[in-house]
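Open the model in your viewer and keep the selection tool at hand. We will go from stop to stop, and each stop tells you what to select.

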Amino acid sequence: MKQAKRSRALLVLLGCVAALALCAAAAMALLLRVPAAQDVTIPGVRGGIPATVQMPAKLARAGEVPLVVLCHGFTGDRTANGHFPTLAAKLAELGIATVRMDFAGCGSSTEPYTEYSLASMTDDVNSAIAFLQSEYGVDGAIGLVGHSMGGRLVSLYPQDGQYPVAALALWSPANGAGLQGLEFLNIEDFSVVEALAAEAEANGQAGTKWGVAISAEFVRGMRESDPNAALRACGLPVLLIYSGNEGPISETTQSETIATVESLGEGRVVLEPFVDGNHNFYGADDAATARLDETLCTVTAAFLVQQLK
């Protein structure tokens with residue numbers, strides 16, 4: 001009888017231990033759950049900036065929380081053709097906060113597109129970093145990711161921006177020196193690009209086949225900047241990715257940018273997984289696009305975790 005009582009007591013004890021273990025596991029899962037992305041309005045130098053913040057899971061936030069600012073391209077928006085939400089989710093799972101915004105005239109921005117320039121984008125990145133630090137307590141190393149014109153901005157930010165950054169990731173950057181960075185406006189005939197630039201500088205703005213007007217300020221910022229020279233000067237770790245079918249980015253710009261990043265002590269160029277993609281990292285069908293998206297974001301997240309954590 002005593003043995004039976006001891007057995008029942010042991011079973012009860014084991015049951016309690018198992019229940020406690022399940023409760024602990026449930027609590028751990030709750031703590032590790034990544035919070036939903038939050039749409040916010042960031043106070044900026046020209047007014048409110050529509051943006052989305054993705055914070056990491058609570059336990060992943062022990063110690064300093066790194067931040068990555070995601071910068072879209074010309075006439076794009078904060079989704080960057082659907083890739084930024086994927087990347088933000090991956091980084092959140094790895095303990096890194098992100099913020100992505102609509103630059104002037106793009107997405108949910110209420111500003112005219114003529115406010116879009118390298119200078120205004122730099123201001124917005126400054127404002128986004130300040131907002132995440134003050135409102136969310138983000139206090140770790142800062143990384144930047146940019147697609148196309150956003151990649152040019154990211155390349156220039158270490159020399160033009162307000163905050164020190166630790167790593168840069170460039171997706172198909174428009175990194176031609178000076179006005180060559182505008183080649184995407186008419187890749188077939190650069191003389192058309194030069195004429196548009198001259199018109200904007202003479203009249204304050206010029207219309208484009210993309211359905212937006214570029215400003216004199218935008219053209220001046222392009223004319224006076226050399227993003228690859230800025231990359232060489234800053235010497236930061238840089239990840240560079242180009243697709244196999246760039247379209248609006250010339251072979252010359254690609255080869256010059258690849259050579260620049262390869263010359264850096266901590267430069268990394270990744271091309272082969274993206275040979276079937278286009279400038280926006282879309283494939284021939286939805287399945288191919290999904291594979292490109294997954295690979296693009298996985299490669300980028302791995303690089304950023306290595307550099308920021």
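**Stop 1: the second largest pocket**

Start with the lining of the second largest pocket, which has six nonpolar, six polar and two charged residues. In this sorting, Ala, Val, Leu, Ile, Met, Phe, Trp, Tyr, Cys and Pro count as nonpolar, Asp, Glu, Lys and Arg as charged, and the others, Gly among them, as polar. Select Ser-243, Gly-244, Glu-246, Glu-251 and Gln-254: of the 14 lining residues, these lie nearest the pocket's centre. The volume here is about 160 Å³.

What is a pocket? On a 1 Å grid over the protein atoms alone, a pocket is an open set of points where a 1.4 Å probe fits, with protein on both sides within 12 Å along at least five of seven lines; lining residues have an atom within 4 Å of a point. Grid points are joined across faces, edges and corners, and the volume is the space filled by probe spheres set on the points.

This is a predicted model: local features need pLDDT of at least 70, side-chain atom pairs count only at pLDDT 80 or more, and totals for chains, interfaces and linings use all residues. Residues are numbered from 1 along each chain as its sequence is written, and side-chain values use heavy atoms, with hydrogens and water left out.

**Stop 2: the whole chain**

Zoom out and switch to a cartoon view. The protein chain has nine helices and 10 strands. These are DSSP runs, numbered from the N terminus: helices are H or I with at least four residues, strands are E with at least two. Of the 309 residues, 49% count as buried. Buried means under 20% relative accessible area, exposed over 50%, and partly exposed in between (1.4 Å probe, protein chains only).

Now think about contacts, meaning heavy atoms within 4.5 Å. Among contacts between residues at least 6 apart in sequence, 71% join residues at least 24 apart.

**Stop 3: the largest pocket**

Select Phe-74, His-147, Trp-210, His-279 and Asn-280. They lie nearest the centre of the largest pocket, which is lined by 16 residues. Its volume is about 220 Å³. The lining divides into six nonpolar, nine polar and one charged.

**Stop 4**

In soluble globular proteins, nonpolar side chains tend to be buried together.

Centre on Met-149. Leaving out residues up to four places away in sequence, Met-149 touches several others, including His-72, Phe-74, Tyr-116, Met-121, Phe-184 and Met-222.

**Stop 5: the salt bridges**

How many salt bridges does the structure hold? There are eight. Each one is a side-chain nitrogen of Lys or Arg within 4 Å of a carboxyl oxygen of Asp or Glu.

- Select Glu-111 and Arg-46: their side chains meet at 2.7 Å, N to O. Glu-111 is in the loop between β4 and α3, Arg-46 in the loop between β1 and β2, and the two are 65 residues apart. Arg-46 is partly exposed, at 30%.
- Select Glu-294 and Lys-90: their closest N and O atoms are 2.8 Å apart. This pair links helix α9 to helix α2, across 204 residues. Glu-294 is partly exposed, at 38%, while Lys-90 is buried, at 19%.
- Select Lys-209 and Glu-188: here the closest N and O atoms are 4.0 Å apart. Lys-209 is exposed, at 58%, and Glu-188 is exposed too, at 63%.
- Select Asp-39, Arg-78 and Asp-102: salt bridges link them in a network.

**Stop 6**

Most residues other than glycine have a negative phi. Select Ser-148, in the loop between β5 and α4. Ser-148 has a positive phi of about 60 degrees. Is this residue buried or exposed? At 9% relative accessibility, Ser-148 counts as buried.

Last, select Phe-281, in the loop between β10 and α9. Phe-281 has a positive phi of about 60 degrees, and at 0% relative accessibility it counts as buried.
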